[in-house]
Amino acid sequence: MPHDPTLERLANATLLVPFESLHAPRWILEGLADGISGVCLFHNNLESPEQITALNAGLGEVTDHPLISLDEEGGDVTRIGQARGSGYPGNAALGRVDDTDLTRETFRALGLELADLGFNLDLAPSVDVNVADDNPVIGRGPRHSAASVLGLQEAGVAACAKHFPGHGATSQDSHHTLPRVEADADLLRRRELLPFQAVIDAGVRSILTAHIEMPGLGGEGPATLTRALVNDLLRNEMGFEGVVVSDAMDMRGVSERIGIPEASVLAVAAGCDLLCLGRFVYADQVAEVRSALVRAVHEGRLTGERLEEAAERNARLRSWVGRSSAERTRSEATGAVGLNGARRAVRVDGELPPLERPYVVEVDAPAGVAVGDVPWGLGPWFRDTVRVSPETDDPSAILTAAADHDLIVVVRDAHRYPDAQAFVNGLLAARPKAVVVEMGLPIWRPDCGAYVSTYGAAHVNGLSAAEVLGSAAALETAD
């Protein structure tokens with residue numbers, strides 16, 4: 001295939017790429033200078049506020065206003081809070097409080113922190129409507145979805161509502177497979193699509209697609225690759241004029257059978273403007289995606305006009321973040337917003353006894369791919385804390401260690417893990433007055449002395465629970 005600099009630059013304009021290290025490698029800097037729209041940063045790129053700020057400033061020196069993005073939802077899904085957990089409550093906690101002013105203020109505070117670090121595009125909020133108890137993706141209603149978008153964008157950070165047309169009715173993870181939602185169009189329009197219409201009406205700058213099948217709304221295969229959903233529904237019917245961003249193209253739900261380059265071609269043809277390539281798609285694979293897009297135009301499978309349209313939308317988004325950065329003014333201190341929200345979300349059922357010598361047992365739970373390895377639990381605020389595996393540890397040994405203590409059992413989304421439920425029931429059979437703290441969704445509720453719900457496992461959720469439980473360390477931290 002002959003070298004075609006014009007088409008190659010247009011193809012570059014559709015790319016949002018990752019890279020390997022704490023410092024931008026040469027291929028990234030050259031790619032940005034040659035038209036790549038931006039980058040997506042992950043845990044492997046982030047070490048400290050100073051390093052992040054310097055990295056992002058360096059990226060901005062290569063080209064005008066590159067998109068510098070990350071997945072920062074607050075709550076359990078955090079990149080900037082990877083060392084100790086997020087300083088902001090997530091969707092479930094904010095939805096439990098149900099104060100849209102708090103939601104807007106929380107996302108504005110989060111956006112200001114991101115902007116200070118040099119980010120200008122946040123792949124958040126998640127606006128999926130959670131209708132399945134074991135869904136690993138948690139959502140909220142139209143009012144909170146719009147409030148989240150307004151808060152982020154008031155801080156000068158473009159919001160990216162996800163995962164269109166709605167991931168809430170699935171219990172499978174599209175990182176590993178292709179989930180399918182079996183529901184009729186009327187139900188889907190009344191349930192899944194309402195938050196997306198709300199964020200469109202609120203002026204959201206970008207929307208991220210889902211790698212799910214939703215035949216009730218038209219078409220087969222992943223929504224990301226389905227023109228009936230991305231173009232006909234989202235664009236023409238719902239009136240969205242901003243940037244359509246694909247979910248990560250390295251996820252098995254979209255590219256396992258056909259490969260990342262071919263999936264990328266089909267995504268752009270369907271109406272996606274910006275391809276989020278994933279975490280481990282580096283220089284050679286990025287080049288393959290670019291070549292596939294150029295080849296598809298030469299073969300007539302993709303029009304040059306479609307590439308131009310995508311490039312123009314992405315350029316408008318880059319112009320918006322540039323203007324927003326120039327106009328943004330630092331506001332008053334926002335550090336207390338996240339903790340205050342987490343405190344308002346905590347619920348206690350039953351009577352909390354005086355906890356003079358607490359012994360905390362944290363029942364481990366696997367983290368989803370989106371969450372990653374982020375600390376959670378009550379360990380920072382209680383000296384006698386152990387983390388146990390429900391599959392390998394013996395409840396009787398824990399009971400022996402806790403014999404002279406007040407027992408606190410901490411779980412995370414225990415409704416999803418029968419082994420965790422069995423382990424907790426084994427402890428409660430001997431200690432029925434123990435306190436159980438649920439740091440996920442409070443769906444499974446065992447018989448116990450008191451049941452504390454935090455609606456999330458962020459750092460501030462743990463701190464707020466520790467305060468309720470009377471931890472001196474937590475109360476000192478809060479002061």
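**Figure 1. Side-chain contact between Glu-467 and Arg-343.** In this predicted model, the side chains of Glu-467 and Arg-343 are joined by a polar contact of 2.8 Å. Glu-467 belongs to helix α17. The relative accessible area of Glu-467 is 15%, which is under the 20% cut-off, so Glu-467 counts as buried. Helix α17 spans residues 459–468 and is one of the helices that supply at least two residues to the lining of the second largest pocket, the topic of the next view.

**Figure 2. The second largest pocket, between domain 1 and domain 2.** The space in this pocket amounts to about 530 Å³. Its lining is made up of 31 residues, and those closest to the pocket centre are Ile-80, Arg-84, Gly-87, Tyr-88 and Glu-113. Residues from both domain 1 (5–334) and domain 2 (346–477) take part in the lining of the second largest pocket, so the pocket lies between the two domains.

**Figure 3. Helices and residue classes in the lining of the second largest pocket.** At least two lining residues come from each of α3 (49–62), α5 (100–117), α14 (337–345) and α17 (459–468). Helix α5 gives the most, with four residues. By class, the lining of the second largest pocket holds twelve nonpolar, twelve polar and seven charged residues.

**Figure 4. The largest cavity and its lining.** One cavity of 30 Å³ or more is counted in the model. The largest cavity holds about 50 Å³ of space. Twelve residues line the largest cavity, with Gly-75, Asp-76, Val-374, Pro-375 and Ala-457 the closest to its centre. The lining divides into six nonpolar, four polar and two charged residues. Domain 1 (5–334) and domain 2 (346–477) each provide at least three residues of the lining of the largest cavity.

**Figure 5. The two domains of the protein chain.** The chain is divided into domain 1, residues 5–334, and domain 2, residues 346–477. A distance of 34 Å separates the C-alpha centres of domain 1 and domain 2. Both domains contribute to the lining of the second largest pocket, and both also contribute to the lining of the largest cavity.

Figure 6. Strand β14 covers residues 450–453, and both of its faces are covered. Ala-450 and Val-452 are buried on one side, and Tyr-451 and Ser-453 are buried on the other. Strand β9 (residues 347–350) pairs with β14 in the antiparallel sense over four bridges. Within that pairing, Ser-453 of β14 is the bridge partner of Arg-347. Strand β13 (residues 435–438) runs parallel to β14, and four bridges join the two strands. Here Val-435 stands opposite Ala-450 of β14.

**Figure 7. Leu-428 in helix α16.** Leu-428 lies in helix α16, which covers residues 418–430. The relative accessibility of Leu-428 is 6%, which is under 20%, so Leu-428 counts as buried. Leu-399 is 29 residues away from Leu-428 in sequence, and the C-alpha to C-alpha distance between Leu-428 and Leu-399 is 9.7 Å.

Technical notes:
Residues are numbered from 1 along each chain as its sequence is written. This is a predicted model: local features need pLDDT of at least 70, side-chain atom pairs count only at pLDDT 80 or more; totals for chains, interfaces and linings use all residues. Side-chain values use heavy atoms; hydrogens and water are left out. On a 1 Å grid over the protein atoms alone, a cavity is a set of points where a 1.4 Å probe fits but cannot get out, and a pocket is an open set with protein on both sides within 12 Å along at least five of seven lines; lining residues have an atom within 4 Å of a point. Grid points are joined across faces, edges and corners, and a volume is the space filled by probe spheres set on the points. Ala, Val, Leu, Ile, Met, Phe, Trp, Tyr, Cys and Pro count as nonpolar, Asp, Glu, Lys and Arg as charged, and the others, Gly among them, as polar. Domain bounds come from an automatic or database domain assignment. Buried means under 20% relative accessible area, exposed over 50%, partly exposed in between (1.4 Å probe, protein chains only). A polar contact is a pair of N or O atoms within 3.5 Å; within protein, one must be able to donate a hydrogen and the other to accept it, and residues adjacent in sequence count only if both atoms are side-chain atoms. Two strands pair if DSSP finds at least two bridges between them.
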